[in-house]
Amino acid sequence: MELTVAYLEEQFALFNQQYFNNELPHPRLVVSNSRTQLGRFCLQRIGSWPFGLMKRDCYTIRVSAYYDVEEKDYQNILLHEMIHYYIAYKHIHDTSSHGAEFERMMNWLNKEHGWNITKMAQTKGWTVAARNKKTRSRHVLALQARDGKCYMSVVHPKYIQYVENQLKRIPEITQHEWFVSSSDTFANYSQTRSLRARRLSKDEYERNLMELRGASVE
């Protein structure tokens, strides 16, 4: 579904009435595009003129639309941030950011009202929204060691020759190949500037190799 500020405002008002006794003032609601922060609650204390003698609290809840997910997922994220908001607004002491009080409220919403709020969302299997899918070429290095272990790495293009020179000094590496690929298979690989690689099982290495050889533009 398409996430909008209007939708967040509607859901916030509904959840505030149903679960928080309408005690939460309407915050600033923002649709972000973060890949790693699916939701975020922010409390900012702002001093007013003159001399900052009077202060007011500014509350913001951000929900990311980076992934194309179901409505229920967005609702769970919003409720997660509303728990943070409630704890902060009511000045409730908790043992940590997701401490005992947060867990108590989370479990109450999950068990009594059928939600699936978690302390940390698991994005594995989530689809990136079409607008965020950018074709990006990556320089992939495939390595095989003398002991049979297999590795792959994504290397910064400016450091390819540097890594190639490193390889020449390591006799344990018996075979290596360079590829250029825009496959999503390597989207979660960090781009390295030295000889660092991710160890793969033989089967996964062979599957990736077949894909690279079929998609390589070199």
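Which residues in H1 meet which residues in H2? From H1 they are Tyr7, Leu8, Gln11, Phe12, Phe15, Asn16 and Tyr19, and from H2 they are Glu71, Gln75, Leu78, Leu79, Met82 and Tyr85. Contact here means heavy atoms within 4.5 Å. By class, this contact holds nine nonpolar, three polar and one charged residues.

Two notes on the source. This is a predicted model, where local features need pLDDT of at least 70, side-chain atom pairs count only at pLDDT 80 or more, and totals for chains, interfaces and linings use all residues. Residues are numbered from 1 along each chain as its sequence is written, and side-chain values use heavy atoms, with hydrogens and water left out.

Now the geometry. The axes of H1 (residues 5-19) and H2 come within 10 Å and cross at roughly 60 degrees. H1 and H2 are therefore oblique to each other; angles under 35 degrees count as roughly parallel, over 145 as roughly antiparallel, 65 to 115 as roughly perpendicular, and the rest as oblique.

H2 (residues 71-89) also packs with H3 (residues 100-113), at about 135 degrees, with axes 10 Å apart. That pair is oblique too. On the H2 side, the contact includes Leu79, His80 and Ile83, and on the H3 side, Phe102 and Met105 are among the residues.

Last, the cysteines. A search of the whole structure finds zero disulfides, meaning pairs of cysteine sulfur atoms within 2.5 Å. For Cys42, the nearest cysteine sulfur is that of Cys58, 7.5 Å away.

Key
Axes are lines fitted to C-alpha atoms, for helices over the stretch in contact, and angles run from 0 to 180 degrees between N-to-C directions. Helices (H or I, at least four residues) and strands (E, at least two) are DSSP runs, numbered from the N terminus. Ala, Val, Leu, Ile, Met, Phe, Trp, Tyr, Cys and Pro count as nonpolar, Asp, Glu, Lys and Arg as charged, and the others, Gly among them, as polar.
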